[in-house]
Amino acid sequence: MKIIANAGLCSGHARCAAVSPDIFTLTDDGYIGFAERDVTPAEEALARRGVRACPERALTLVEDSAADMV
Ligand code: SF4
C-alpha cells in the first residue's frame with residue numbers, strides 16, 4: 001500500500017499529521033511533505049485514518065496490486 005499526496009490540493013490543515021506525524025510528514029510551512037510514500041503493514045490502520053481525515057481529499061491510498069508483487 002502507498003499514499004499518494006496531491007500537493008496542489010493540500011491546504012495545510014495538518015489533520016493528517018494530527019493522526020500520525022510519523023506517516024504524514026509536513027513541510028516547514030505545514031503542507032504535506034511528500035508526493036508518494038510507501039506504507040508498511042504496521043502503519044496501514046493509521047494511514048487509512050489520516051487519509052480519511054484530509055478535508056481537501058489531497059491524499060489517496062493505493063492498494064498493492066498483484067503487479068507490484070511480480
Ligand atoms: S490534512 Fe490534507 S490538506 Fe491538511 S495537511 Fe494533510 S494533506 Fe494537506
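Reader: Where is Glu44 found?

Author: Helices and strands are DSSP runs, numbered from the N terminus; a helix (H or I) has at least four residues and a strand (E) at least two. Glu44 is found in helix H2. This is a predicted model, in which local features need pLDDT of at least 70 and side-chain atom pairs pLDDT 80 or more, while totals for chains, interfaces and linings use all residues. Residues are numbered from 1 along each chain as its sequence is written, and side-chain values use heavy atoms, leaving out hydrogens and water.

Reader: Is Glu44 buried, partly exposed or exposed?

Author: The test is relative accessible area, computed with a 1.4 Å probe on protein chains only: under 20% is buried, over 50% is exposed, and values in between are partly exposed. Glu44 counts as partly exposed because its relative accessibility is 27%. Glu63, in the segment after E3, is also given as partly exposed, at 45%.

Reader: Which strands pair with E1?

Author: Two strands pair if DSSP finds at least two bridges between them. Strand E1 covers residues 2-5. E1 runs antiparallel to strand E2 (residues 36-38), with 3 bridges joining them. E1 also pairs with strand E3 (residues 59-62), in the antiparallel sense over 4 bridges. Lys2 stands opposite Asp38 in E2 and opposite Val62 in E3.

Reader: Which residues of E1 are on the covered face, and which on the uncovered one?

Author: Ile3 and Ala5 form the covered face of E1, whereas Lys2 and Ile4 form the uncovered one.

Reader: How many cavities of 30 Å³ or more are there?

Author: A cavity is a set of points, on a 1 Å grid over the protein atoms alone, where a 1.4 Å probe fits but cannot get out; its lining residues have an atom within 4 Å of a point. Points are joined across faces, edges and corners, and the volume is the space filled by probe spheres set on them. Here the count is 1 cavity of 30 Å³ or more. The largest cavity holds about 90 Å³ of space. Its lining has 13 residues, and those nearest the centre are Cys10, His13, Ala14, Cys16 and Cys54.

Reader: What takes the space of the largest cavity?

Author: A molecule sits in a cavity if more than half of its atoms lie within 2 Å of the cavity's grid points. The ligand takes the space of the largest cavity. A residue is near a molecule if one of its heavy atoms lies within 4 Å of it; the residues around the ligand include Ser11, Gly12, Arg15, Glu56 and Leu59.

Terms used. 1 Å grid on protein atoms, 1.4 Å probe; cavity = no way out; pocket = protein on both sides within 12 Å on 5 of 7 lines; lining within 4 Å.
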